[in-house]
Amino acid sequence: MSDDNALIKMVEIENRGRALVSCRPLKAGEIVLKDSPIVLYSAFPLPAAGNYCSHCFRTISPHSSTAVCCPHCSTASLFCSPECQSVALATSHTPFVCQALTRLRAADSPVLQHHHDRHVQARFLIAAYNLAMVSPSVFRLFFHFKFGFSVELTSALLAKDKLNAFGLMEPFDQDKERFDYVDSASDFSNTDIVVRVIHDLPVGREICLSYFPVNLKYSERQQRLKEDYGFTCDCDRCNVEANWSDNEEEGEGEIDQEDEDMDEDADDDMGADLETTECGMAKENDDFPHAYFFMRYMCSRDNCGGTLAPLPPVDARPSTVMECNVCGNLSNCEEMDGNE
C-alpha cells in the first residue's frame, strides 16, 4: 500500500511512545490493519498438547480423518492435515522445537513442577529461538537482537512477550473468560490480527485497542494494566471515569452535585457533538468515549463481555450488522436501537 493510500501511519506521541493514527477519515467497520503473527505458540500447560493443530491452531475434531501426528514426537504434537504437517516441519515445528518440547513434556522435567505461567514462557522461548534459527532476518527485524543463547536475550524476549503479545483464544464458552476468538477462515489466515474501527474517526485520531472487555470498571482496568503491563492509562475514557466512584460506575449510590452537573454536561455534549450514522456510530466529534458511549458496543450474550464492531462497509455504505469479537455473534444494530 502506497503512502497516498495509507489508512494509518505510525507517529511518536509525547509521553506515550509510538502510536498509529488515521491518515484520512475512517468509516465504522473499516479494516485498518491485518497482519500475521511472527511467533505462534500454545498457552496450554505442559505436557498437554490440546485438541488443535500445532501449526494453524484450528480445532481438530476427535473424529477427523485428516489429522496426523508429528513423526518424531508422536501424539504430543498434532496437525490438522498432512499439508500443515509438511509446512510445520520446515518452519514452526523443526527438530529443535520437537526435541525441546519432548524434553519439557518428560515425566522428570523440572518445568512440570512450576506454575502454568512458566510452561507458557518455555513454549514462547522455544518458538522465539526457533524463529532466530529458521529466519534470522525476521527475528532481527522484530526483536532487534542479535541471536545467541544468553540470559540477557532470554530476559529481553520474555519482557517483550509479556508487554507486546496478543492472545488467540479458544472458541467461545459461556463458562470461561475469553477475549478475541480464532476466526474460522478458510485459508491459513485464521490466526491473523484484524483491526476494525467501531465508529467513524477523523483524520489524525489515534487508533486505540481495549486491553480488556469494555465493561470493566475504571479501578479494575487500571489495576490490571499496572500489574500486567506496567503503565497507567490516561485515554479519554479513563480521564473521565477517574472522577467516578465505583458505585457511580455501577449506576448505584449517591451522586454529588458536581458529578451530576458533569453527567448533564456530558449528555449535552454527546447530543450536540456526536453526529451518528444510521447505525448509531460516532461520526466526527467522539471526545467522550466513556461508559455511556461504550454500552452501545457491548455484546448482550450472557457471560460474553465482548465488543461489537460493524462489519466492513459495502460500496461506501455502513453496515448495520454488528459482530462480537469474543463469541462471533452477529446482531442488527437497527434492532438494537429499537430495544433501547
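I began with Arg24, which at 32% relative accessibility counts as partly exposed, and I kept in mind that this is a predicted model. Arg24 forms a salt bridge with Glu30, their closest N and O atoms being 2.7 Å apart, and Glu30 is buried, with a relative accessible area of 14%.

I then looked up how many salt bridges the structure holds, and the number is three. Another of them joins Arg196 to Glu323, with 3.1 Å between the closest N and O atoms. This pair links distant parts of the chain, since Arg196 sits in strand β6 (residues 193–196) and Glu323 in strand β8 (residues 321–324), 127 residues apart. I noted Glu323 as buried, because its relative accessibility is 18% and the cut-off for buried is under 20%.

I also found the side chains of Glu241 and Arg221 meeting in a salt bridge at 3.1 Å, N to O. Glu241 belongs to helix α7 (residues 236–241) and Arg221 to helix α6 (residues 218–229), so this pair ties together parts that are 20 residues apart in sequence. Glu241 is buried at 1% relative accessibility, and Arg221 is buried as well, at 7%.

Next I turned to the helices, where the axes of α2 (residues 95–105) and α3 come within 10 Å and cross at roughly 160°. That angle makes α2 roughly antiparallel to α3, and I recorded their crossing as right-handed.

Met133 lies in helix α3 (residues 116–134) and is partly exposed, at 37% relative accessibility. Together with Val134 and Phe149, Met133 makes a nonpolar surface patch of about 280 Å².

Methods:
Residues numbered from 1 in each chain as written. Predicted model: local features only at pLDDT ≥ 70, side-chain atom pairs only at ≥ 80, totals over all residues. Heavy atoms only, no water. Patch = residues over 30% accessible without salt bridge, like charges linked within 9 Å, V, L, I, M, F, W, Y side chains within 5 Å. Areas by Shrake-Rupley, 256 points an atom, 1.4 Å probe, with all protein chains shown as cover. Salt bridge = Lys/Arg side-chain N within 4 Å of Asp/Glu carboxyl O. Helix = DSSP H or I, 4+ residues; strand = E, 2+ residues; numbered from the N terminus. Buried < 20%, exposed > 50% of the residue type's maximum accessible area, 1.4 Å probe, protein only. Axes fitted to C-alpha atoms, helices over the stretch in contact; angles between N-to-C directions. Parallel < 35°, antiparallel > 145°, perpendicular 65-115°, else oblique. Left-handed = near helix turned anticlockwise from the far one by under 90°.
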